[in-house]
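Subject: Structure handover

Hi,

Please load it before you read on.

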Amino acid sequence: MLGWGTDIGIDLGTASVLVYVKGKGIVLNEPSVVAIERDTGQIFAVGEEARRMLGRTPGNIIAIRPLREGVIADYDTTEKMLRYFINKACGRRFFFKPRVMVCIPSGVTGVEERAVRQAALQAGARQAYLIEEPLAAALGAGLDISEASGSMVIDIGGGTADIAVLSLGGIVCSKSLRVGGDKFDEAIVRYIRREYNLMIGERSAEELKIKIGTAYPLAKRENTSLEIRGRDLVSGLPKTVTVTSVECYEALAEPVEAVVGAVKEVLEKTPPELAADIINKGIVMTGGGSLLHGLDILLREETGLPVHVAEDAISCVALGTGKALSMLNVLQSSGIISKKVI
Ligand code: ADP
Ligand code: MG
């Protein structure tokens, strides 16, 4: 049971949802997956349990990722999922209602923002606020976003890569790219199909990416390999092949190149004074996708700037939402977070 003044921060990501509770830290981290009964539309399972069903459901149940492309593709389901996670993290009944700060993917529209706020209020929030992803990521990575000095944050999630230059608490220039961990996985699926005539699932592709994938071939992974199972497209039978790290590098080259190109584009748009600050402070990377092996090295080489992966990169946004609540007055008086409450 939560007491008066409790603050909850939620990272509503396309791949996973994290819930931060003031005084407790991150209490929940589950995939953004919902399993639904096809006929009735009833929710069958949410989170980890639903994820295990992805690609394995019987006819009557479908497992979906409602935020997949970095936008709320299905906001009814998103709302239900959000409510489920808030209840799970906090218990079904609040003694006093908490304040909730939700970080939403950058592609979310005004209508969807309203739906997210509404869902938080219906789940028991006293007040619900929204924060933009780059700001939450920067706060969580420990950057001082209110100072008059530029910083660059790259957040790579499941659906999108968001690149932003921040100064005085605002976003000076940014780009959101529909390339993230999912596109990395899809690129591996395509490569294996082309090279081996083998169809593998997205979860197998993700495993390859995390265990042996790399964005930079000379970064100590060149001799690793992994056995992977799939279905042979010629015989139709299950088959195992051994995939090497260098092959994963080739498979990943195209989406990785898109991220590098977008980072350069934002740097080109950055005003000179702020660019000078970024040269000193470097670029900070957050989000699960930024953990792709060698991506930091590649970006360092391509931009000539210092690049750091934030400590606890996967939790940065959730931690940032918590931090935003603890400094809400400052953020509201400087207009960074809207005072409008519905
Ligand atoms: P979102 O904010 O969209 O929910 P996350 O920040 O949780 O996304 O990142 C999820 C993505 O990060 C997934 O595509 C996942 O495969 C990828 N990921 C997680 N760990 C690693 C790793 N060690 N190497 C490469 N990719 C990773
Ligand atoms: Mg995220």
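Below are the conventions, then the overall picture, then some individual residues.

This is a predicted model: local features need pLDDT of at least 70, side-chain atom pairs count only at pLDDT 80 or more, and totals for chains, interfaces and linings use all residues. Residues are numbered from 1 along each chain as its sequence is written, chains are lettered from A and ligands numbered from 1 in the order in which they are written, and side-chain values use heavy atoms, with hydrogens and water left out.

**Overall**

The protein has 11 helices and 16 strands. Both are DSSP runs, numbered from the N terminus: helices are H or I with at least four residues, strands are E with at least two. The radius of gyration is 21 Å, close to the 20 Å that the globule rule gives for 342 residues, so the protein is as compact as a globular protein of that length. (The radius is taken over C-alpha atoms; the rule is 2.2 Å times the number of residues to the power 0.38.) Along its principal axes, the C-alpha trace spans about 60 × 55 × 30 Å.

Of the 342 residues, 53% count as buried. Buried means under 20% relative accessible area, exposed means over 50%, and partly exposed is in between (1.4 Å probe, protein chains only). The accessible surface comes to about 15400 Å². Carbon and sulfur atoms account for 50% of that surface. Areas come from the Shrake-Rupley method with a 1.4 Å probe; for residues, only the protein chains shown count as cover.

Contact means heavy atoms within 4.5 Å. Take the contacts between residues at least 6 apart in sequence: 62% of them join residues at least 24 apart.

On charge, there are 39 positive and 42 negative side chains. The centres of the two sets lie 7 Å apart. Lys and Arg count as positive, Asp and Glu as negative; His and the chain ends are not counted. Each charge is placed at NZ of Lys, CZ of Arg, CG of Asp or CD of Glu.

**Aromatic pair**

The structure holds 1 aromatic pair. Tyr84 and Phe85 form it, edge-to-face, at 5.7 Å centre to centre and 70 degrees between the planes. (Rings of Phe, Tyr and Trp, the last by its six-membered ring, pair if their centres lie within 6.5 Å; planes under 30 degrees apart are stacked, over 60 edge-to-face, the rest tilted.) Phe85 is buried, at 1% relative accessible area. Tyr84 is partly exposed, at 31%.

**Buried positions**

Leu295 sits in helix H9 (residues 295-303). Its relative accessible area is 1%, so it counts as buried. Beyond four places in sequence, Leu295 touches Ile156, Ala215, Val256, Met285, Gly289 and Ser290. Thr214 is 81 residues from Leu295 in sequence, yet their C-alpha atoms are 7.3 Å apart.

Asp232 belongs to strand S13 (residues 225-232). This residue is buried too, at 8%. Leaving aside neighbours within four places in sequence, Asp232 is in contact with Asn197, Leu198, Leu237 and Lys239.

**Positive phi**

Asn197, one of those partners of Asp232, has phi near 55 degrees, a positive value in a residue other than glycine. Asn197 lies in the loop between helix H5 (181-196) and strand S12 (198-199). It is partly exposed, at 38%.

Asp312 also has a positive phi, near 60 degrees, and is likewise not glycine. Its loop runs between strand S16 (307-309) and helix H10 (316-326). At 47% relative accessibility, Asp312 is partly exposed.

**Towards the surface**

Asn29 is in strand S3 (residues 25-31). It is partly exposed, at 44%. Outside four places in sequence, Asn29 is in contact with Ser16, Val17, Leu18 and Ile314. Lys175 is 146 residues away along the chain, with 27 Å between the C-alpha atoms.

Leu168 is in the loop between strand S10 (161-167) and strand S11 (170-177). Leu168 is exposed, with a relative accessible area of 56%. Not counting residues up to four places away in sequence, it touches Ile145, Ser146, Glu147 and Ala148. Glu206 is 38 residues from Leu168 in sequence and 37 Å away, C-alpha to C-alpha.

Best wishes
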